[in-house]
Amino acid sequence: SEGERVKHATIYIGVLLVAIGALADRPSWAAGEADAARSLVEGSTAQPGAAAPETAMETSFYVALEGRPENDGSSAKPWPSVEHALSQVGAGNTIIVKPGIYQGPWQIRDHPASPGGPPTIIKSELKWKAVVRGGPGEGINVVDCPGIVIDGFEVSGARGDGISMNTDLGTVRNCWVHNNEHMGISSHKHRGVRIEANLIEFNGCNIQFHHGVYASGEDLTVCRNIVRHNSGYGLHLYPSTRGATVSQNLVFGHVYQSGIIVACPEGGGRNLIVHNTVVGTAGGVAIWRGDGERVATNILLSSGEVLACSADTKTVAADYNLCRPDPTRQGPQSTSADPRFVKPACGVFWLRLDSPAIGRGTPEYAPATDFWGRPLPRGKAPDLGAFVFVPCLAAEEARIGWHGWPYRFAPQGEME
C-alpha cells in the first residue's frame, strides 16, 4: 500500500542518515566512488563525523595545491602548505586545506597554542578529500604543538606512521588513516592526547611491532574509532599508560594479537576500558602491571583469552562484559553469549533486537553520547559494546541495496 511504501521510505532515509553520519564512510578499496549519498548529510551539525566548524572567519586561512607563498591565505588566494600557513599566522588559528593529493611528509613543529586560548585547527575542507600521500617517514608529524587538532584528512602510503602526535594536548579526529608502513596513529609519553572518531585500517607490515594505534602517556583518550585489520594489535597502549579512557571503539580483524593491550607503569595505571566491541582478534583485552584498571560493559569475542593479565597485575575490576570464550577473572554480571550482531560476517556489529547485550550495562559507565555523538537518555541501563541498539539499523529495510560495507548504503542496490 501507499502507506507502507511511505513507512519503508522513511525508515530507509533514517538509516541512510545515521549510517552515512558514521565516521567510516567508505572502505579502502572504494577510494574513487562518488559521494552523492554523503552529500545528504554534509554540513549538518548533528553529524559527528563532519569536520569541526570554523572558530571565526577572520582567523581562518586556506591552503591549496595551487597556492602561492605571496598570497594572503584567503580562500581565493590560498597558501601552498600548512607549514607555510603556520609560519605566517602562528598557532591559535584555523587552517583549512582544500581538496587534493598532497605529498607527505607534513612537518608541523613548535607552534604551541596559548593556554586558555583557541586551539590550532588543521582540517580538511571536506572530510577525507584532502589526502596526504606517501613520505619517507610519517605522513603527518606533529612536534611540540600543544593545543593542535588534526581533523578530517586521509593519510596513506607513509614509510613510517600515518600520523605521529609528538606533543601534549594534541587531537587527531575524523581521519582515515590506512596502508601506512608502520603505525596508523602514534603518540608516546605525552599528556592529554585525544584520538577520536578515526577509521584506522590496514596499517603495518610487522605483526609484532606495527599496530593500529601505538600510544602511551598520561590522560590519553581513545574513543569512537574503528580500528580494523592492522598488522599487530588494534590498540597498543604501551609501555606506560596512566589515566587513559578507552571507550566506544570497534576493534576487529587483528588475528595475530589482542584487540587492546594496556601496559601500566609500576603501581598501576587506573585506566578505564569501557563500551568497546572487540571481535575477531587473537585475544580480547590484555593488561600488564595493572592496579586499579576497570574493564566493563565491553563485548569481547576472540580466539584466545578475552581478558589476559600479566603475573604482576594486582587488581583489575572487570564486570558487565559479554564474552566468548567464557569470561575469567570477572565479576558475576559478566556473561558468555552470542551478542547477536546484525551481520558480523560483513563487519556489521550493530545489535539485533534479540541481543543479550541490550540493557545489560551499568549506569556507572554509561556514556553521555552514542558512537555517532548523539545524546543518550540518562537513568537507564546502557547497552554493552560500542554501539547502542538502534531499531532502524536492525530492520530489514536497512539492508535494501546494501553492498557489504557497514557504514554506507545505496538505494535499490546501486553502487555509489
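Guide: This is a predicted model, and the count of aromatic pairs in it comes to eleven.

Visitor: Is the pair of Trp-128 and Trp-176 stacked, edge-to-face or tilted?
Guide: The two rings lie 5.2 Å centre to centre, with 40 degrees between their planes. Planes under 30 degrees apart would count as stacked and those over 60 as edge-to-face, so the pair of Trp-128 and Trp-176 is tilted.

Visitor: How many residues apart are Trp-128 and Trp-176?
Guide: Trp-128 sits in the loop between β5 and β6, while Trp-176 belongs to strand β12. The pair therefore links distant parts of the chain, and the separation is 48 residues.

Visitor: Which residue has its charged end over the ring of Trp-128?
Guide: The ring of Trp-128, a residue that is buried, has a charged end sitting over it at 4.7 Å from the ring centre. That charged end belongs to Lys-127.

Visitor: Which aromatic cluster includes Trp-350 and Trp-372?
Guide: Both Trp-350 and Trp-372 are buried, and their ring centres are 6.2 Å apart with the planes at 50 degrees, so this pair is tilted. Together with two phenylalanines they form one cluster, whose members are Trp-350, Phe-371, Trp-372 and Phe-387.

Visitor: Is Thr-297 buried or exposed?
Guide: Thr-297 lies in the loop between β26 and β27, and a polar atom of its side chain is 3.3 Å from the backbone nitrogen of His-275. Its contacts beyond its sequence neighbours include Val-274, Asp-319 and Tyr-365. Because its relative accessibility is 0%, Thr-297 counts as buried.

Key: Residues are numbered from 1 along each chain as its sequence is written. This is a predicted model: local features need pLDDT of at least 70, side-chain atom pairs count only at pLDDT 80 or more; totals for chains, interfaces and linings use all residues. Side-chain values use heavy atoms; hydrogens and water are left out. Helices (H or I, at least four residues) and strands (E, at least two) are DSSP runs, numbered from the N terminus. Buried means under 20% relative accessible area, exposed over 50%, partly exposed in between (1.4 Å probe, protein chains only). A polar contact is a pair of N or O atoms within 3.5 Å; within protein, one must be able to donate a hydrogen and the other to accept it, and residues adjacent in sequence count only if both atoms are side-chain atoms. Contact means heavy atoms within 4.5 Å. Rings of Phe, Tyr and Trp (its six-membered ring) pair if their centres lie within 6.5 Å; planes under 30 degrees apart count as stacked, over 60 as edge-to-face and the rest as tilted. A charge sits over a ring if NZ of Lys or CZ of Arg is within 6 Å of the ring centre and within 35 degrees of the ring normal. Lists of a residue's contacts leave out its neighbours within four places in sequence.
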